[in-house]
Amino acid sequence: MPAVSSLLIDRTATPIGELILVADTDGALHAIDWTDHEERLHRLLCLHHRSGYELRQTADPGGLTRAMDAYFAGELSAIDRLPVRTGGTPFQRAVWAALRGIPCGVTITYRELAVLAGRPAAVRAAGHANGANPVGIVVPCHRVIGSDGTLTGYGGGVERKRWLLTHEGAAVR
């Protein structure tokens, strides 16, 4: 039987709510979510850690909390190279890799995301993979917008999405 995953958890205040960070003991990020969506975070961890997981409160695991604090303080590049370790299907991982390639301050459409992920006809699937992203902000799913330029769904809420895009200098409608 596979071992239970030992994960580290920390929380940090941001201008748009308290953020939860979950990392492994190597300092790789496994999940990020807002405290008002903590149940969703636990469902996601169960999905990706089928043999179970235990969370141990740790201050600034792997420097991740400090990096997120720096991002919210205006040092936008502080999160660019944070190590991320997620589950997901090969297509989801392709979408998440494509998301990491979107420069700060830039937005793309779901159609463009599908192209970047190597499956131009899979626009809806790219949208679903974007929505299943376990490490929002660092894997910047908030940088994907509707084809008409409108802000579409974001797991943390459209107002948080608007704030993040404005914080990064993206033009938002």
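This is a predicted model: local features need pLDDT of at least 70, side-chain atom pairs count only at pLDDT 80 or more; totals for chains, interfaces and linings use all residues.
1. Which elements supply the domain 1 side? β2 (17–24), β3 (29–34), α1 (38–48) and α2 (64–72) each bring at least two residues to the side that touches domain 2. β3 gives the most, with five residues. Sorted by class, this side of domain 1 holds 11 nonpolar, three polar and two charged residues.

2. Now the salt bridges. The rule finds one across the interface of domain 1 and domain 2. Asp36 forms a salt bridge with Arg160. Their closest N and O atoms are 3.2 Å apart. That distance meets the rule because the cut-off is 4 Å between a side-chain nitrogen of Lys or Arg and a carboxyl oxygen of Asp or Glu.

3. Where do the domains lie in the chain? The domain assignment puts domain 1 at 5–73 and domain 2 at 90–168. Their C-alpha centres lie 20 Å apart.

4. How many residues are in contact? Domain 1 contributes 16 residues, and these touch 15 residues of domain 2.

5. Next, the buried area. The two domains bury about 1300 Å² between them. Of this area, 63% is on carbon and sulfur atoms. Within domain 1, the residues that lose the most area to domain 2 are Ile16, Trp34 and Tyr71. Together they make up 42% of what that side buries. Find these three in the structure, then look for Asp36 and Arg160, the salt-bridge pair.

Definitions and conventions: Residues are numbered from 1 along each chain as its sequence is written. Side-chain values use heavy atoms; hydrogens and water are left out. Domain bounds come from an automatic or database domain assignment. Contact means heavy atoms within 4.5 Å. Buried area is the accessible area (1.4 Å probe) that two parts lose on being put together, summed over both. Helices (H or I, at least four residues) and strands (E, at least two) are DSSP runs, numbered from the N terminus. Ala, Val, Leu, Ile, Met, Phe, Trp, Tyr, Cys and Pro count as nonpolar, Asp, Glu, Lys and Arg as charged, and the others, Gly among them, as polar.
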